[in-house]
Amino acid sequence: SKLMAGLRGATFPNLAQYRRDFSWLISCPSLLIGREAKGTSEPWDHLKLDFKPAEDFLESKAAYRVGYYAEALINVWLESLVSPDEIKRSIQIQEGSKTVGELDFLYRIGSVFHHLEVALKFYLYCPEENHTGSHLVGPNSADTFERKRDRFFQHQLPLGRERFSEVTCSEIMMKGMIFYPPEIEDMIVSPEGLNPDHRRGRWVHESEVGWIETVPGICGASLLEKPFWLSGIPYSKSPATAVQAVQEHFEKRRHPLLLSLKDENGSEIERVFVVADEWPAKS
């Protein structure tokens with residue numbers, strides 16, 4: 001609808017968008033304890049950043065995939081700031097005609113071979129017991145924090161060492177946010193490996209979307225369209241317009257929406273997921 005299109009603003013990225021998203025991603029705390037990217041202190045010399053990997057990605061068929069966009073920005077980080085002697089990306093592992101896995105990055109600095117797995121994840125804290133067996137559930141409830149964590153340690157990293165014996169350093173870069181219900185400040189029991197200093201947001205069910213108008217200091221709201229779920233966009237409309245647009249969306253569709261709430265200066269004061277009332281039920 002015109003209302004939704006107005007909330008999204010311009011959809012064509014520019015250099016400023018790439019820089020904001022890059023800074024957001026690299027400076028974002030890891031979701032896993034002890035898994036911080038090296039060389040992530042600001043400020044970066046933006047003149048040294050070559051965003052061609054991001055530009056190439058946005059011309060691909062998967063341009064709406066937030067996780068793949070994050071991988072493209074990590075590629076920018078590796079090529080522009082880490083400057084390895086050799087780098088390979090998206091390495092498919094075959095057994096006969098079957099693909100058994102894919103590694104995100106293999107790169108070499110001198111005699112040290114690195115295997116790097118990358119993920120950008122957004123999990124919603126669900127205090128109630130649910131079909132996933134987890135309290136950190138993705139907007140797509142098939143995805144949970146524990147499932148992704150175990151996939152890294154039990155499959156991806158062992159696969160890298162098994163197939164590439166020269167790997168001497170296995171690394172994970174798991175960035176993202178944990179979203180909490182408005183009335184909850186922290187989880188009762190954290191899953192093993194979760195970094196307590198994670199970046200935070202809020203989530204509400206569609207029937208509770210009016211809550212966003214009660215956020216202190218809110219003056220505007222933007223609907224974040226994939227793949228630009230990182231730093232957000234500067235464009236915004238009134239909170240009331242956002243509420244109306246969200247309600248119209250859920251009358252026709254059930255997939256979640258991500259909103260950025262702004263203060264009078266246009267700075268983000270809250271990031272909010274709105275999910276269908278049936279979430280996290282199986283779709």
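## Strand E8 and its partners

Six bridges, or in figures 6 bridges, link E8 to strand E9 (residues 268-275), and the two run antiparallel. Please keep in mind as you look around that this is a predicted model. Lys262 stands opposite Glu268 in E9. The two strands E8 and E9 make a hairpin with 5 residues between them, and in that turn Gly266 has a positive phi of about 85°.

E8 also has a partner in E7: these two strands pair in the antiparallel sense over 4 bridges. Here Ser222 is the residue that stands opposite Ser260 in E8.

How many of the residues of E8 are buried? The count is 6 of its 6 residues, so the strand is mostly covered, buried meaning under 20% relative accessible area. In a regular strand, side chains alternate between the two faces of the sheet. In E8 both faces are covered: Leu257, Leu259 and Leu261 are buried on one side, and Leu258, Ser260 and Lys262 are buried on the other.

Let us turn to an earlier stretch of the chain. Strand E1 (residues 86-95) pairs with strand E2 (residues 98-109) in the antiparallel sense, over 9 bridges. Within this pairing, Ile93 stands opposite Gly101 in E2. E1 and E2 form a hairpin with 2 residues between them, and Gly96 in the turn has a positive phi of about 65°.

E2 pairs with E3 as well, again in the antiparallel sense, over 5 bridges. Arg108 stands opposite Phe113 in E3. This pair also forms a hairpin with 2 residues between the strands, and the turn holds Gly110, with a positive phi of about 65°.

Which polar partners does the side chain of Thr132 have? The side chain of Asn130 is joined to that of Thr132 by a polar contact of 2.4 Å. A polar atom of the Thr132 side chain also lies 3.0 Å from the backbone nitrogen of Ser134. Once neighbours within four places in sequence are set aside, Thr132 is in contact with Val137, Ser141 and Thr144.

## Salt bridges

A search of the whole structure turns up 11 salt bridges. One of them is formed by Arg149 and Asp150, whose closest N and O atoms are 2.9 Å apart. Arg149 counts as buried, at 15% relative accessibility, while Asp150 is partly exposed, with a relative accessible area of 27%.

Glu206 and Arg254 provide another example, with their side chains meeting in a salt bridge at 2.3 Å, N to O. Why does this pair tie together separate parts of the chain? Glu206 sits in the loop between strand E6 (199-205) and strand E7 (220-223), and Arg254 in the loop between helix H6 (239-252) and strand E8 (257-262), so the pair ties together parts that are 48 residues apart in sequence. Glu206 is buried, with a relative accessible area of 17%, and Arg254 counts as partly exposed at 37% relative accessibility.

Arg271 counts as buried at 1% relative accessibility, whereas Glu268 is partly exposed, with a relative accessible area of 36%. Elsewhere, salt bridges that share partners join Glu95, Glu162 and Arg163 into one network.

## The largest pocket

Rolling a probe the size of a water molecule over the atoms shows where empty space is left. The largest pocket has a volume of about 1200 Å³. It is lined by 38 residues, and the closest to its centre are Arg65, Val66, Gly67, Lys121 and Lys226.

Which elements give two or more residues to the lining of the largest pocket? They are helix H1 (2-8), helix H4 (66-82), E2, E3, helix H5 (145-163), H6 and E8. The largest share of the lining, 6 residues, comes from E3.

Key: Residues numbered from 1 in each chain as written. Predicted model: local features only at pLDDT ≥ 70, side-chain atom pairs only at ≥ 80, totals over all residues. Heavy atoms only, no water. Polar contact = N/O pair within 3.5 Å; in protein donor to acceptor, adjacent residues only side chain to side chain. Contact = heavy atoms within 4.5 Å. Pairing = 2+ DSSP bridges. Salt bridge = Lys/Arg side-chain N within 4 Å of Asp/Glu carboxyl O. Buried < 20%, exposed > 50% of the residue type's maximum accessible area, 1.4 Å probe, protein only. 1 Å grid on protein atoms, 1.4 Å probe; cavity = no way out; pocket = protein on both sides within 12 Å on 5 of 7 lines; lining within 4 Å. Points joined across faces, edges and corners; volume = space filled by probe spheres on them.
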